[in-house]
Amino acid sequence: MKRYCVNCESETEMRERLEDLDADTGVFVRASVCTRCGESYTDAHEFERAEKEFKAKNVLVFEKKIVKLGNSLGLWLPKEISKAARVGENKAVRVYVDNQRRIIVEAAR
Ligand SMILES: [Zn+2]
């Protein structure tokens, strides 16, 4: 398929290629690659679609109430969250608070 390439300043042969948007989640964008200079082009709609897919795979939002557990406070982790973070019973985590009052729970390596 021929398309205008900004780099080559002419119509060139393009070939379709899937490019990683994010290697960990396996989200790809379809791109047209100039066979002359290698420049790749992705239209805005395709990029939006891929971004939505990326967000759907990465952002899990749950609103939970903090509960009293003995003398401490606790929070139940929904199964979807523990699965996505790959943490389970007895798994060590690090908990810290950032300067915007966000509580971050990170699986210890
Ligand atoms: Zn080109």
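Two strands are said to pair if DSSP finds at least two bridges between them. Strands themselves are DSSP runs (E, at least two residues), as helices are (H or I, at least four), and both are numbered from the N terminus. By that rule, strand β7 (residues 93-97) and β8 pair in the antiparallel sense over 5 bridges. This is a predicted model, in which local features need pLDDT of at least 70 and side-chain atom pairs count only at pLDDT 80 or more, while totals for chains, interfaces and linings use all residues. Residues are numbered from 1 along each chain as its sequence is written.

The pairing of β7 and β8 takes the form of a hairpin with 5 residues between the strands. Arg 101, in the turn, has a positive phi of about 65 degrees. One of the bridges joins Val 93 to Ala 107 in β8. Strand β8 covers residues 103-107, and the count of buried residues among these 5 is 0. Here a residue is buried if 20 or more other C-beta atoms lie within 10 Å of its own, exposed if 12 or fewer, and partly exposed in between, with C-beta atoms placed from the backbone.

The chain as a whole has 2 helices and 8 strands, in the order β-β-β-β-α-β-β-α-β-β along the sequence. Its radius of gyration is 22 Å, well over the 13 Å that the globule rule gives for 109 residues, so the chain is more spread out than a compact globule. That radius is taken over C-alpha atoms, and the rule is 2.2 Å times the number of residues to the power 0.38. Along its principal axes the C-alpha trace spans about 70 × 25 × 20 Å. Buried residues make up 5% of the 109 residues.

The chain is divided into domain 1 (2-58) and domain 2 (67-107), with bounds that come from an automatic or database domain assignment. The C-alpha centres of the two domains lie 37 Å apart.

Ser 10 lies in strand β2 (residues 10-22) and counts as exposed because it has 11 C-beta neighbours inside 10 Å. Leaving aside residues up to four places away in sequence, Gly 74 touches Val 67 and Leu 69, where contact requires C-beta atoms, placed from the backbone, within 7 Å.

Technical notes
Contact = placed C-beta atoms within 7 Å.
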